[in-house]
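Let's take a walk through this structure together, one piece at a time.

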Amino acid sequence: MKLNTRFFGELEYEKEDLLHFPSGLLGFEGCKEFIPIDNPDGVGVFRWLQSADRPELAFVVMNPFFVMADYEFEIPEGVVETLRLKRPEDTQVLAVVKIPDDLKKMTVNLRAPIVINTKTKSAVQVVLEDEKYSLKHPVASSMQDAG
Amino acid sequence: MLILTRKKDESIVIGNDIVIKVVDVEEGRVKLGISAPGDVSIHRYEIYEAIQQENKEAAINRQVSIKDLDTLIKGKKTKEQG
């Protein structure tokens, strides 16, 4: 299948690649299908999510464990049900990255992780009740601290 | 907007399976108990709204090179190891 996207030009994808968000993303409730795009040259921390419904809409997402090795939360029962999650190894967690003009100031939303069932490709953005994780966790902070 | 008056320990029902009970009222604060099916998400409105806003700001508005992002990360790794 083909989609003419704003940022990636014409994108060819398989229907099986699509991630299905039954409730959409918060703020984009109507956008229920996203195409994950990996950078073949990347180190595997960041990837894009391109909306299959809106060619102009895309996000950068990342593996949250990279910025916080001990990141953990309990997946709400309702989400486990919605995603029909049965095994921990079928679960993938991504977090939405916000990219300001100065890349060093980019932040990642650890308060609302995306939980994916990799078997069924269904996904939910979970809002954590626990306030210990920030909506704007700096990605490059330890680099800045060190430098 | 429908407006109902309830006292402590009184409830309202929404649809067939959502019940909201006034558990306590004191000094301008209302404590609510909510029973709903597991697939109904319930959040304080402020956090829900904040995350909607955060997502809207996260939608990319220009070409973003993953390579550039990786470079930042690589810098981080090197410095952490060093």
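A second polar contact, of 2.7 Å, links the side chains of A:K98 and B:E57.

Before going on, some housekeeping: this is a predicted model, where local features need pLDDT of at least 70 and side-chain atom pairs count only at pLDDT 80 or more, while totals for chains, interfaces and linings use all residues. Residues are numbered from 1 along each chain as its sequence is written, chains are lettered from A and ligands numbered from 1 in the order in which they are written, and side-chain values use heavy atoms, with hydrogens and water left out.

Back to A:K98. You'll find A:K98 in strand 7 of chain A; strands (E, at least two residues) and helices (H or I, at least four) are DSSP runs, numbered from the N terminus. Is A:K98 buried or exposed? A:K98 counts as buried, with 15% relative accessibility, because buried means under 20% relative accessible area, while exposed means over 50% and partly exposed is in between (1.4 Å probe, protein chains only). Not counting residues up to four places away in sequence, A:K98 touches A:M106, A:T107, A:K136, B:E54, B:E57 and B:A58. Touching, or contact, means heavy atoms within 4.5 Å.

Both of those glutamates also form salt bridges with A:K98. A salt bridge is a side-chain nitrogen of Lys or Arg within 4 Å of a carboxyl oxygen of Asp or Glu. For B:E54 and A:K98, the closest N and O atoms are 3.1 Å apart. For B:E57 and A:K98, the closest N and O atoms are 2.7 Å apart. B:E57 lies in helix 1 of chain B and A:K98 in strand 7 of chain A, so this pair joins two chains. B:E57 itself is partly exposed, with a relative accessible area of 39%.

Helix 1 of chain B (residues 45–58) has 14 residues, and at 1.5 Å a residue it should span 20 Å; its end C-alpha atoms are 20 Å apart, which agrees. (The expected span is 1.5 Å times one less than the number of residues.) Which residues of helix 1 of chain B are buried? They are B:I47, B:I51, B:Q52, B:E54, B:N55 and B:A58. Looking down the axis of helix 1 of chain B, these buried residues fall within an arc of 165°, so they line one face of the helix. That arc is taken from the directions from the helix axis to the C-beta atoms. An α-helix has 3.6 residues a turn, so residues three or four places apart point the same way. On the other side of helix 1 of chain B, B:Y45 and B:E46 are exposed.

What does the buried face pack against? In strand 6 of chain A you can pick out A:A58, which is buried, with a relative accessible area of 0%. Leaving aside neighbours within four places in sequence, A:A58 is in contact with A:F7, A:F8, A:L49, A:Q50, B:A58, B:A59 and B:I60.

Zoom out to the whole contact between the chains. Chain B brings 34 residues and chain A brings 45 residues. The area buried between chain B and chain A is about 3,600 Å², with carbon and sulfur atoms giving 65% of it; buried area is the accessible area (1.4 Å probe) that two parts lose on being put together, summed over both. Across this interface the rule finds five salt bridges, and twelve residue pairs are in polar contact (both at pLDDT 80 or more). Helix 1 and helix 2 (66–81) of chain B each supply at least two residues of the side of chain B that touches chain A. Helix 2 of chain B gives the most to that side, with 13 residues.

Finally, look over all chains, where a search finds 13 salt bridges. One of them pairs A:D38 with A:R47, the closest N and O atoms being 2.9 Å apart.

Key: The expected span of a helix is 1.5 Å times one less than its number of residues. A polar contact is a pair of N or O atoms within 3.5 Å; within protein, one must be able to donate a hydrogen and the other to accept it, and residues adjacent in sequence count only if both atoms are side-chain atoms.
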